[in-house]
Amino acid sequence: MIRLPTASTTHAHPPSAGRRLVLQGGASLALLQALGAATLTHLAAATDAEADTPPPAPSRWQNWSGLQQATPARWLTPADEDALREALARTQGELRPVGSGHSFTALVPTSATLVSLDRLAGVVDIDPVARTVTAWAGTRIQALARALDAQGLALRNQPDVDVQTLAGAIATGTHGTGATLPALHDDVVAMRIVTPDGRVRMLRAEHEPDELAAARVSLGALGLVTQVTLRVVPAFNLHRTVWLEPLEAMLAQAPALAARHRHFEFYVLPFTGYAAGIRHDVYTGQDLALPQPADEDVLGDLKALRDWLGRFPALRQWVAQRAIDPAMREEARHRSFRLLSSVRATRFNETEWHVPRAQGIACLREVVRRIEQRNEAFFPIEFRYVRGDGAWLSPFHGRDSCSIAIHAAADEPWQYLLSDFLPLMQRHQGRPHWGKLHSLRARELAALYPRWADFQAVRQRFDPQQRMLNAHLRQLFGVAAA
Ligand SMILES: Cc1cc2nc3c(=O)[nH]c(=O)nc-3n(C[C@H](O)[C@H](O)[C@H](O)COP(=O)(O)OP(=O)(O)OC[C@H]3O[C@@H](n4cnc5c(N)ncnc54)[C@H](O)[C@@H]3O)c2cc1C
């Protein structure tokens with residue numbers, strides 16, 4: 001076992017004598033648990049917790065990280081679509097839909113009416129011939145994935161966590177990783193939306209292609225999505241490999257790895273000179289094995305290194321490099337939905353930008369340099385690949401992209417996620433993840449989205465009274481306060 005160098009070799013004091021550093025041999029699973037990949041135990045625990053969650057009480061609301069908060073005057077939790085329509089007919093003023101509250105931006109907060117479709121959850125219909133599933137909008141991704149698996153089907157890809165609602169995930173362009181794989185909304189072939197006036201609109205790819213292109217990524221600004229129909233694929237198993245690589249080598253190989261593997265991503269471990277690669281490929285063998293649970297706390301150890309040596313970046317890197325086992329490698333083979341999504345135990349705030357594919361690595365280099373000028377940073381930086389699509393407000397509209405996600409612990413300052421990276425991302429034509437922290441406003445956004453005006457026209461038709469806009473959406477869309 002490799003141990004942190006002692007005080008006598010580093011002239012500094014480790015947080016606890018002999019404590020194992022997260023990145024040494026055998027601890028890679030901990031890295032994944034902290035950053036993403038679930039064990040069966042963790043996944044099951046999360047599933048049960050989510051399933052038992054009662055409809056939200058009509059009181060204070062906050063998002064997953066605690067950054068966004070609201071005290072809505074009314075909280076609608078209709079049991080079915082008719083109840084939703086009746087409830088909408090009885091309300092006036094601002095309306096905001098909420099999913100599982102996993103967005104970091106202020107898309108949801110309202111002091112007026114918050115609408116949760118948690119009770120409109122579950123599969124409506126699976127068409128095994130057309131390979132589509134229709135589900136209620138409040139269905140959690142994990143529940144959908146399990147229901148599909150029981151029918152021999154699967155989602156094409158999944159995000160890092162699977163507790164989001166279907167409508168909530170789609171509304172912000174939620175994505176996983178894979179150079180040839182688009183974000184979830186690209187598989188949407190139909191949606192059912194109740195507009196604020198109580199009308200039901202059915203949007204189908206073959207009949208209402210423009211409205212559907214607007215609704216695929218809508219930020220919840222067109223109305224209440226009640227049902228979604230998605231293309232799915234036959235269930236498949238994946239083989240996961242996790243390994244450590246010196247950062248420069250990872251950056252050099254990344255485009256080739258992305259081309260070679262169905263899913264490839266990596267995490268830059270700041271102040272270490274290393275990155276952790278994660279690849280998943282289709283596995284057709286019989287030898288299924290989930291990773292063994294591990295008890296190490298990777299983020300805790302990276303944080304301890306920061307707390308201990310934050311003011312001495314060179315020393316911080318020197319210590320980390322001696323504790324890392326570059327030969328570390330881990331394998332797992334299981335159902336796609338069991339390996340692609342996971343539980344995030346540590347709360348954080350996050351910004352994520354999507355840049356044109358060709359600029360991804362150059363942009364990441366600048367991000368790493370910038371992060372390593374901030375001694376207080378310790379969270380790994382996530383780098384993923386997403387295929388382009390045609391949804392009007394998709395951050396991947398018309399271009400294959402690389403996604404760069406930067407995190408700060410939920411109980412630590414996060415404002416630098418906005419100030420430090422905005423000019424850098426603008427230089428690389430970055431588009432922000434709608435659900436993750438950014439400070440772009442209507443004028444800048446309009447310049448990034450060629451179908452911006454078309455989206456606003458559909459929005460005006462669906463919601464002429466602008467009831468779906470809260471303060472954040474008014475800023476995004478350049479609409480004056482009511
Ligand atoms: C730990 C963590 C991990 C994450 N991992 C990823 C990842 O791997 N990839 C990625 O792309 N993103 C990721 N995200 C971001 C997350 O997927 C998005 O912010 C997503 O939109 C959250 O879905 P939600 O159900 O929580 O919706 P909310 O955050 O509650 O709402 C999101 C938007 O959807 C709208 N909405 C919700 N329900 C409806 C409805 N029925 N009709 C109309 N509009 C509706 C809301 O008004 C809002 O505009 C992550 C977030 C967290 C906290």
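Strand E6 (residues 123–127) and strand E7 (residues 132–136) run antiparallel and are joined by four bridges, where strands (E, at least two residues) and helices (H or I, at least four residues) are DSSP runs numbered from the N terminus, and two strands pair if DSSP finds at least two bridges between them. Within this pairing, Asp125 has Thr134 of E7 as its bridge partner, and in the hairpin, with four residues between the strands, Arg131 takes a positive phi near 55 degrees.

This is a predicted model, in which local features need pLDDT of at least 70 and side-chain atom pairs count only at pLDDT 80 or more, while totals for chains, interfaces and linings use all residues. Residues are numbered from 1 along each chain as its sequence is written.

## The protein as a whole

The secondary structure comes to 17 helices and 20 strands. Of the 482 residues in the protein, 50% are buried, a residue being buried if 20 or more other C-beta atoms lie within 10 Å of its own, exposed if 12 or fewer do, and partly exposed in between, with C-beta atoms placed from the backbone. Among the contacts with a separation of 6 or more, 73% are between residues 24 or more positions apart, and two residues are in contact if their C-beta atoms, placed from the backbone, lie within 7 Å.

Ten bridges join strand E13 (residues 237–246) to strand E15 (residues 274–283), and one of the pairs places Trp243 with its bridge partner Gly277 in E15. E13 is also joined to E16, by seven bridges, and here Val242 stands opposite Glu330. Strand E14 (residues 263–269) and strand E18 (residues 381–386) are joined by three bridges, with Val268 opposite Ile381 in E18.

In soluble globular proteins, nonpolar side chains tend to be buried together. Leaving aside neighbours within four places in sequence, Ile404 is in contact with several residues, including Trp353, Val355, Leu364, Ile381 and Phe383.

## Ala410 in its loop

Ala410 lies in the loop between strand E19 (401–409) and helix H13 (416–419), and because it has 16 C-beta neighbours inside 10 Å, it counts as partly exposed. Its C-alpha atom is separated by 9.6 Å from that of Trp64, although the two residues are 346 residues apart along the chain. Beyond its neighbours within four places in sequence, Ala410 is in contact with Ser65, Gly66, Arg347, Phe348 and Asn349.

## Around the ligand

Of the 32 residues around the ligand, Gly99, Ser103, Gly168, Gly220 and Gly435 come nearest, a residue being near a molecule if its C-beta atom, placed from the backbone, lies within 6 Å of it. Strand E4 (95–98), helix H6 (166–171) and strand E11 (224–231) are the elements that give two or more residues to this shell, and H6 gives the most, with four.

Domain 2 (61–116) and domain 3 (123–234) both give residues to the shell, so the ligand lies between them; the domain bounds come from an automatic or database domain assignment.
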